Amino acid sequence: MVAPFVAGKDATVVSSATGHWPIVRHLNGRPFVFFLAALPLVIVLILLGVIIDVSVVDNINSGLSTSFTLRHFKTLLGDPLIYSSLVNTVEFTVVTVITAMSIGGSVAWLVERTDLPGKRLVYVIMTVGLLVPTFFMAMGWVFFLHPRIGMFNRWMMDLFSLDSAPVSIANVVGMGWVEGLGLASMAFMMTSPIFKALNPSLEEASTVHGLRRWQTLRYVVLPLIWPALLATAIYISVIAFAAFEVPAIIGLGNRIFTFATVVYVKIAPDTGIPNYGFVGAVSVVLIVLSAFLSWWYFRVIRLSHRYGVIQGRGYRPKLVPLGNKMWLCWSGLGLYFLMSKLMPLTMMIWASLLPYFQPFSVEALSQISLANFTVIDWGLVWRGARNTLTLVFWVPTLSLMFGLAISWIVVRSNLRGRFLYDWISFLPHAVPSLIFAVAAVIFALFILPKTVPFYGTVSILLMVFVLVRISLVTRVLNGALLQINRELEDAAYVSGIRTLATLWKVIVPLLLPAILNLWIWNALLSYRELTVAAFMVTQDNITLPVVVWGLWNGGLAGQSAAVSLVFVVLLIPLVAAYWALRTGADFQQTPRA
Amino acid sequence: MIRINQLRKEFAVKDGVFTALPSIDLNVEKGEFFVLLGPSGSGKSTLLRCVAGIDTPQGGEIYLADRLIYSGAKNVFVRPEDRGLGMVFQSYAVWPHMTVYQNVALPLTHGAKRVPKDKVRDRVMYALSLVQMDRYADRPVPHLSGGQQQRVALARSLAVEPVVLLMDEPLSNLDARLREEVRHQILTVTKMVGVTVLYVTHDQSEALALGDKIAVMDAGRIIQLGTPTQLFSMPATPMVAEFLGQVNWLKGQVASAGVIDTPVGRVLADTRDLTGGVQLGIRPSSIELMPVATGAANEFPGEIIEEIFLGEQIQLRIRMAEDVVFEVRAQKPFRGRHHAKNVFCQMEAAEMLVYAAH
Ligand SMILES: Nc1ncnc2c1ncn2[C@@H]1O[C@H](COP(=O)(O)OP(=O)(O)OP(=O)(O)O)[C@@H](O)[C@H]1O
Ligand SMILES: [Mg+2]
């Protein structure tokens, strides 16, 4: 036996943990964590300040006058485009929410509350749905339903000798429909815990006491779950309200504007110089409206917690037998899959092979070639791919690092201002991400000294990408940290392990499943991110989605389709990795697309 | 070893502040096994966590081995990492992503008091051998039983050679049989190493079995402090008396020094300087049952109204007077020998607990 040790004796101590590294001992780890957490939040506040500032100073680009003015808001009020785009935005949002909620909600009900066979496959379809880029789907729908070139419309016109297209995607309802198809996955992921958590004994109590099924639904189920459903709808409307991709792909070419695309054409006009003051004013309006939606969301969420229905308890709900209707349900699911994934993919492949878009025909078949792939500026694609992959690695890494620091402070520290950290870290969700992109551009161009080369770099993209991810990351990590018994951490401190070492040696390993999941998820979202990038890129820091977008916007639909196919092929390994990792894991916390 | 002066701890709650510890004074000697005993919510854990540095008090002072580790007035706060403590938690708090060995080793390799690399293994294995867990060194911790996990936690806290070992209800997550086993282990190991222990529990049998000294807490205050025998035989208040074990209460009037009139009859007990109304407490263990009257002092007739079979013992409820029912424990044979309903209770005068009536 080894020599026994004596309580309290210090003879064998060779070094105080960080004795040879005095700086760290002085900081004791904790201030460093506070700094890590504060950094992105301070930038968030700065960028919001920039936007508000720009909207009330005279002319930031000329740098001549910077006096206070409400001129931009006056211009805004006098601009007919703003009114039409406000109406469009609201209509677009409503259609999106209805589409997404009715598809996502029904699928969630089918999965959680019926004996539908093949539920795993449904999960696959729905989660992959979140990863298929919205711009990809929108392009597919344009090829399918465009009033002039749309394949379906051409068929119908030929078949019934019509003069004009029977259905068109190029309107607000069409845009909302496509956006809704895309967000149906998210609606599904957010509503299925609601159905899952609803205590079946509440329904049984109703049935036993003589209420029929629809009465039970009407008087028991719906009143219990509506706050949660409404909260989901509001959450989705926050996203739809500031959505850029669908309105840009479908709307811009047809001069149908929403707020997001108005900001875009003002900041990247075809002719003339950007009107930053005006952009600032529109942005402020957007911020106010989005903040209102978020505020409403929180109110409703609190209501749903009051009923205590959404607790995620492991009830075993009684499943409704579908019987023969099972086939009907699966047909519906198949149709959804067809419309949201298969059809766009087919359209894109077809479009990429043709010099100009035309419906299937023998004649068209004879024109098929890989010409689009050969004329592409591969140098640009390669640069875009490299930048995108840089982002795909660094965005999740950095946002997890910052996010962990923030979550640790919010959940574990007894810092007095920790609620501020929590509150500010939610701002990137409440404020549309394109606002941060616009603000970062203005910041880099006009506020940073000209000698700092920030504008047009991958770093500025990285910064904004990370900021817009912070909300999701902190929300998921807050939840995960709360699950970890606090005593595990206290045990480390009491036995002499410092904050940083505790984070690294105890907390990170325990959070590893959540961290990996978040990392891949954020990598995927960064890969497909078009909105933020479209507002910020130059030739140097271009990303792959922006290459696609640029070609599309320039009228080169075939090449655009070709590059987007390359884009999708590169996505496959990432999705595969995601699936390999998240098998079995319950992804209750729904990320924001 | 631990000196606490006027320690004050408040929690910010919704409607203002909640004072968990108004002002605690405490002294723990070197090598002592000191138990904080009290009902749930009495502030034991809070006090322990203040000593550990996991909670920050709002005032007062804490010295650890004559080193000031907290002082409200002087604005001193030594971080938990630098206090040189060991701690065993109610939830074990063994790190589930590590093996037994790694759990014990981590504080030695990454903690404030590091050990030369080549000594780590010896130190870990020695600590594990103290709790007979050296055979399991390479097991992942989640594969261990609760008792084994708690022993790993004990080894981990001892391996850092702590100035003081803190334990917060380390046995309460274990089932009854394991509890005794681990309790025994805690006692032998801490005595063998000679470490000073501050131990929190709400279980009086644990406190009595383990403590060199016990402080009974209630509502954030220390009500009584003493050795287990002192506490058991001379509880300062009826609350302490009840907390340390079952008591039968009798209301009475002091007739003269040493004589109390009660509904049961005239009882002889040490009345100290009390006069007037008193409350008389008799522990079941101070009552002896007689099948027939022997004429001894403090012997009163009663009627058995209920028998509860407890295995080794039976618990009897005995009506002593109109409104007075005593609970008495008897060994099993008593029942076999004697079927009569009427018995005589002999109460040990020296063991009576007498308090002023309130
Ligand atoms: N973080 C906190 N915020 C508010 N009040 C608290 C907090 N922690 C403890 N308290 C309160 O302080 C009092 C003492 O709590 P403490 O945990 O010390 O009790 P305890 O004696 O350890 O009880 P138990 O035996 O149940 O563990 C309780 O009334 C408790 O509600
Ligand atoms: Mg406690």
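By class, the shell around ligand 1 holds 5 nonpolar, 6 polar and 2 charged residues, where Ala, Val, Leu, Ile, Met, Phe, Trp, Tyr, Cys and Pro count as nonpolar, Asp, Glu, Lys and Arg as charged, and the others, Gly among them, as polar. The model is predicted, so that local features need pLDDT of at least 70 and side-chain atom pairs count only at pLDDT 80 or more, while totals for chains, interfaces and linings use all residues. Residues are numbered from 1 along each chain as its sequence is written, chains are lettered from A and ligands numbered from 1 in the order in which they are written, and side-chain values use heavy atoms, with hydrogens and water left out.

**Exercise 1.** Describe the surroundings of ligand 1.

*Solution.* Begin with the shell: 13 residues surround ligand 1, and among the closest are B:Ser40, B:Lys44 and B:Ser45, a residue being near if one of its heavy atoms lies within 4 Å.

Next, take the polar contacts (pairs of N or O atoms within 3.5 Å; within protein, one must be able to donate a hydrogen and the other to accept it, and residues adjacent in sequence count only if both atoms are side-chain atoms). An N or O atom in the side chain of B:Thr46 is 2.4 Å from an oxygen atom of ligand 1, whereas B:Gly41 places a polar backbone atom 2.8 Å from an oxygen atom of the ligand, and B:Gly43 a backbone N or O atom at 3.0 Å from one.

Then consider cover: of the 630 Å² of accessible area that ligand 1 has on its own, the protein covers 63% (Shrake-Rupley method, 1.4 Å probe; for residues, only the protein chains shown count as cover).

Finally, assign the shell to elements: helix H1(B) gives the largest share, 3 residues, helices (H or I, at least four residues) and strands (E, at least two) being DSSP runs numbered from the N terminus.

**Exercise 2.** How many residues does each chain bring to the contact, and what area is buried?

*Solution.* Chain A brings 36 residues and chain B 45, contact meaning heavy atoms within 4.5 Å. The area buried between them is about 3500 Å², with 61% from carbon and sulfur atoms; this is the accessible area (1.4 Å probe) that two parts lose on being put together, summed over both.

**Exercise 3.** Find salt bridges between the chains and within chain A.

*Solution.* Between chain A and chain B the count is 3 salt bridges (a side-chain nitrogen of Lys or Arg within 4 Å of a carboxyl oxygen of Asp or Glu). One of them joins B:Asp82 and A:Arg498 at 2.7 Å, N to O.

Within chain A, A:Arg475 pairs with A:Asp422, their closest N and O atoms being 3.6 Å apart. Because A:Arg475 lies in helix H20 (residues 458-483) and A:Asp422 in helix H18 (residues 418-430), the pair ties together parts 53 residues apart in sequence.
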